[in-house]
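Subject: The two-chain model, with notes

Hi,

Here is the model I promised to pass on.

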Amino acid sequence: MAILVVAEHDNENLKDATHKTVTAALAIGGDVDVLVAGKGVKDVAAEAAKIAGVRKVLACDHVSLKRQLAEAMQEVIVPLMDGYDAVLAPDTTTGKNFMPRIAAVLDVMQISSISGVESADTFVRPIYAGNAMATVKSSDAKKVITVRPTAFAAAAEGGSASVETIADPASPANSEFISEELSKSDRPELTAAKIVISGGRGMGSGENFAIIEKVADKLGAAVGASRAAVDAGYVPNDYQVGQTGKVVAPELYIAVGISGAIQHLAGMKDSKVIVAINKDEDAPIFQIADYGWVADLFNAVPELEAELAKAGY
Amino acid sequence: MKVLVPVKRVLDYNVKVRVKSDESGVDLANVKMSMNPFDEISVEQAVRMQEAGTATETIAVSIGPDKAQETIRTSLAMGLDRGIHVKTDEEVEPLAVAKILKAIVEEEKPDLVILGKQAIDDDSNQTGQMLAALMGWPQATFAYSMEQDGNSLTVGREVDGGIQTIKVNLPTVITVDLRLNEPRYASLPNIMKAKRKPIDAKTTDDYGVDISPRLTTVKVAEPAGRTAGVKVADAAELVGKLKSEGVI
């Protein structure tokens, strides 16, 4: 069995989601190659070659791939699939965008967002926002799979795969990139952070997120938010943790002023340790929190910050 | 332009999901079903385009059992012009849905197909992209904003790091995210009016599409539960606990 993993990267750095997708590919079993498609991806390809268990890295360097738009990714991946039995990509917004195109062209029913590998054709995936886990078996000759990165450990470094440059793809003409407005932050990325602290509607305003940010700075944590806080306009939408936002599974998740709607829980309940700070002791978030602190967040969060300072953080 | 709006009938998002005790699936007997919330946003967008004069005809399409007609009626009450109901009692996977939609697109020749980014039942997030690929059309998924600009659309997309703006030529497929608009409630007069709007009755056979599933559901189980832990009284106790867990 030969498996192609499509790397997640920004032309400069390889993203951790790639390592996790390689783990899922290795669990299926067989030869695992990594495709790095982008513009100026020499360094990213070299990084991918260091992932343990990877047979070879295919580098495709072309201006049409700079933003990894779906139509351009299709032009690269589909021709490669003659040589592979399965293609896997992380279920990030990039992977979710291009993978179903590959599946449709190959006449394959994609298996989205898997959280477990049972065998080479059987996978576990969350449905109904994680309220049920479906085990599905695919009868398609080739498999097209997106992988939920938080459900798999990152593959180790230490490999020394060869890097092969592949031919330029055809450039699709009917879509073009205009601009990108990415949130700038010195904090770690939400989906990759070891600690996440999120605020909900209880924060009351965007300015009040400052008290959360202070704790985040002490712990080197990423800052997130519930959909209620995003919809209220307190913070930008890319802060959103939940089924329709980002799915995170850090070592420590601190939920501040978040009641615990199902859609939020679906995005964070796989965190190792969950702390909830909320003044409503009946808030559903306490039913899944390892440590619950019933308190007014405007007193509790500064107190937590002071306590961390005292402990040398 | 002519706009096609696929809609799906799903378990209402407020209903608690119950896994059947034999693990064969989720219990959908006698529970409230509604239009997929993401599809409400695409219907709203199509209606707004009609009100703004950019859409000349808007067509809802739903694939499913007799009850799927209710979902089409809801979209007609929100303002779409007419419906197409493709009847089947089978569960239809996104790949087969995309093939049926392709057949409808070839018949109706819309300039734009706009649909929800995913359905909240199977959470696949595939249909729009698959349809675009089968048609050889461009796509703009997870739309946050959209503006027509001659023969193309400029679409702001919700991506992991923020907003990405792309331009796609018509005809195209757009899948919508939550913040594109706030869907309206249908007014009573519009609900009455919707009853007189036409719905074409079709079956999957009419389109010659093989809908046999590629995936077999082995089982559907409850997710691993978490149980409530302990309450802490103050910051010192919390920091102590987190230190002993080794997470800070």
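Below is what I found, going from the overall picture to single residues.

First, some housekeeping. This is a predicted model, in which local features need pLDDT of at least 70 and side-chain atom pairs count only at pLDDT 80 or more, while totals for chains, interfaces and linings use all residues. Residues are numbered from 1 along each chain as its sequence is written, and chains are lettered from A and ligands numbered from 1 in the order in which they are written.

**Confidence and overall build**

The predictor gives the complex an ipTM of 0.94 and a pTM of 0.93. The C-alpha trace of chain B spans about 65 × 45 × 40 Å along its principal axes. Of the 248 residues in chain B, 48% are buried. Here a residue is buried if 20 or more other C-beta atoms lie within 10 Å of its own, exposed if 12 or fewer, and partly exposed in between, with C-beta atoms placed from the backbone.

**Where the chains meet**

How many residues does the contact take from each chain? It takes 69 from chain A and 63 from chain B, where two residues are in contact if their C-beta atoms, placed from the backbone, lie within 7 Å. The side of chain A that touches chain B has 33 nonpolar, 21 polar and 15 charged residues. In that count Ala, Val, Leu, Ile, Met, Phe, Trp, Tyr, Cys and Pro are nonpolar, Asp, Glu, Lys and Arg are charged, and the others, Gly among them, are polar.

Strand 11 (residues 175-182) of chain A and strand 9 (residues 162-169) of chain B run antiparallel and are joined by seven bridges; two strands pair if DSSP finds at least two bridges between them. Within this pairing, A:Phe177 has B:Ile166 as its bridge partner.

**A sheet with strands from both chains**

An open sheet of six strands, paired in parallel, has the order 13(A)-12(A)-14(A)-15(A)-16(A)-13(B). Strand 13 (222-225) of chain A and strand 13 (230-231) of chain B stand at the edges with a single partner strand each, so one side of each is left without a neighbour in the sheet. Inside the sheet, strand 12 (residues 195-199) and strand 14 (residues 252-256) of chain A are joined by five bridges, and A:Ile195 is partnered with A:Leu252.

Helices from both chains lie across strands 14, 15 and 16 of chain A: helix 8 (residues 297-310) of chain A and helix 6 (residues 235-245) of chain B. Helix 8 of chain A runs at about 135° to strand 15 of chain A, and helix 6 of chain B at about 170° to strand 16 of chain A. These angles run from 0 to 180 degrees between N-to-C directions, with axes fitted to C-alpha atoms, for helices over the stretch in contact.

**The core**

The largest nonpolar core has 185 residues, and A:Val36 and B:Val5 have the most contacts inside it. Such a core is a set of buried Ala, Val, Leu, Ile, Met, Phe, Trp, Tyr and Cys residues joined through C-beta atoms within 7 Å. Helix 3 (residues 94-108) of chain B gives the most to this core, with eight residues. B:Glu107 also lies in helix 3 of chain B, but it counts as exposed because it has 12 C-beta neighbours inside 10 Å.

**Backbone details to look at**

- B:Leu170 and B:Pro171 are joined by a cis peptide bond, with omega about -5°.
- A:Asn11 has a positive phi near 75° and counts as partly exposed, with 17 C-beta neighbours inside 10 Å.
- B:Asn125 has a positive phi near 60° and counts as buried, with 26 C-beta neighbours inside 10 Å.

Best wishes

How values were computed
Helix = DSSP H or I, 4+ residues; strand = E, 2+ residues; numbered from the N terminus.
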